[in-house]
Amino acid sequence: MARAALDPKTANVLYHDAAAASYDAKWAISFDPPAQAYVRERAERMLARSRYDRVLEIGAGTGFFILNLWQTGFVGEAHATDISEGMLEVCRANAERLGCGVQTRSADAERLPYEDETFDLVAGHAFLHHIPDPPAALAEMWRVLRPGGAIFIAGEPTLWGDRMAGVVKVATRESFRLAARLPGVRIGRDSPPPVSEEDRAMHDLEFDVDLHTFAPSEVRAWARDAGFDEVRIETEELIASMFGWAVRTLEAEVRPGLLGKRWARFAYRAWRSLYRIDDALRGVVPSGLFYNLLLYAEKPRR
Ligand SMILES: C[S@@+](CC[C@H](N)C(=O)[O-])C[C@H]1O[C@@H](n2cnc3c(N)ncnc32)[C@H](O)[C@@H]1O
């Protein structure tokens with residue numbers, strides 16, 4: 001029987017509260033030098049300054065973006081907000097391990113519990129596509145920013161990047177399953193992994209939490225309508241992101257224990273090399289085809 005879709009905000013709280021404990025392991029989130037390098041490279045590329053006094057991340061999850069920005073020196077005082085208290089609990093634990101005194105508050109991005117003009121930088125990573133009304137979230141970012149402050153958003157899926165990723169996922173899964181059926185080949189699972197009621201509920205919820213993919217031109221227009229200046233949109237990861245989705249799909253299909261640490265090293269190095277090729281393709285391939293969208297914009301000084 002078809003189930004009715006949940007209100008997306010309730011779905012996001014349920015999904016991310018339940019996902020929080022295993023979120024970092026599932027998405028290979030870390031705070032080690034490669035993770036710091038990933039965040040630093042994007043910050044150096046997009047931000048006008050190398051340090052901001054008071055910084056808020058919206059939809060901060062377990063802290064990947066804000067804590068790595070803090071570790072790489074871009075952040076003075078770190079604040080994190082998220083609609084899921086479960087994710088913020090993990091964020092606080094991660095921050096404590098790193099020695100970062102992050103201040104957290106659970107809140108909806110469309111109604112932030114902060115005074116006007118509180119922050120020098122408002123950041124976000126992979127959160128805007130979960131928000132029912134992205135322009136409302138941008139308006140809130142604008143409100144809590146000091147004049148002369150900036151917003152920095154990264155890791156949002158583009159319309160075409162997401163479509164191509166969908167094709168890659170299906171093609172990888174079907175090719176893998178065909179190969180796994182060949183005689184003498186033992187790469188697939190002997191039996192499908194057990195699916196608990198909880199797994200099933202989480203799988204259903206996934207359809208209710210991912211709400212948008214973005215065309216660069218529409219995000220630019222929203223930022224300008226919210227009152228921002230110096231709006232800059234960039235996109236990144238073309239072949240690298242398709243490779244990344246193929247790797248994740250394959251890892252979900254393969255017999256447990258078959259891929260070891262050498263595989264993880266190979267996948268990371270290959271992704272880095274492909275990322276460099278993608279970098280060379282920027283300006284040659286239409287920007288809307290790249291998977292990830294980044295946005296930088298400033299609130300004008302009075
Ligand atoms: C894909 S996760 C990204 C987390 C983190 N920024 C990262 O990059 O790892 C999206 C996050 O957005 C949060 N979120 C979803 N809807 C939200 C809303 N309406 N307001 C604030 N946060 C929201 C989720 O709880 C989740 O932690």
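Let me begin with a definition: a residue is called buried when its relative accessible area is under 20%, exposed when that area is over 50%, and partly exposed in between, with a 1.4 Å probe and only the protein chains as cover. What we are looking at is a predicted model, in which local features need pLDDT of at least 70 and side-chain atom pairs count only at pLDDT 80 or more, while totals for chains, interfaces and linings use all residues. Residues are numbered from 1 along each chain as its sequence is written, and side-chain values use heavy atoms, with hydrogens and water left out.

I will apply that definition to glutamate 117, which sits in the loop between β3 (103-106) and β4 (119-125); helices and strands here are DSSP runs numbered from the N terminus, helices being H or I with at least four residues and strands E with at least two. Because its relative accessible area is 29%, glutamate 117 counts as partly exposed, and its phi is positive, about 55°, although the residue is not a glycine. Alanine 28, in the loop between α1 and α2 (33-46), also is not a glycine and has a positive phi, of about 50°. Its relative accessibility is 65%, so alanine 28 counts as exposed.

Let me turn to the ligand. How many residues surround the ligand? There are 21, the closest being Gly59, Asp82, Asp108, Ala109 and His125, where a residue is taken as near if one of its heavy atoms lies within 4 Å of the molecule. This shell divides into 11 nonpolar, seven polar and three charged residues, with Ala, Val, Leu, Ile, Met, Phe, Trp, Tyr, Cys and Pro counted as nonpolar, Asp, Glu, Lys and Arg as charged, and the others, Gly among them, as polar. Helix α1 (residues 8-26) contributes the most to the shell, namely three residues.

As for individual atoms, a nitrogen atom of the ligand lies 2.8 Å from a backbone N or O atom of alanine 109. An N or O atom in the side chain of histidine 125 is 2.7 Å from an oxygen atom of the ligand, and for the side chain of histidine 16 the corresponding distance to a ligand oxygen atom is 3.4 Å. Taken alone, the ligand exposes 590 Å², of which the protein buries 96%; these accessible areas come from the Shrake-Rupley method with a 1.4 Å probe.

Next, please find glutamate 234 in strand β6 (residues 229-236). Is glutamate 234 buried or exposed? With a relative accessible area of 19%, glutamate 234 is buried. Its side chain makes a polar contact of 2.7 Å with the side chain of arginine 45, and another, of 3.5 Å, with that of arginine 232; such a contact is a pair of N or O atoms within 3.5 Å, where within protein one must be able to donate a hydrogen and the other to accept it, and residues adjacent in sequence count only if both atoms are side-chain atoms. Leaving aside neighbours within four places in sequence, glutamate 234 is in contact, meaning heavy atoms within 4.5 Å, with Arg45, Met46, Arg282, Asn292, Leu293 and Leu294.

Finally, helix α9 (residues 239-253) has buried residues including Met242, Phe243 and Trp245, and what covers its buried residues includes α6 (159-180) and α10 (261-281).
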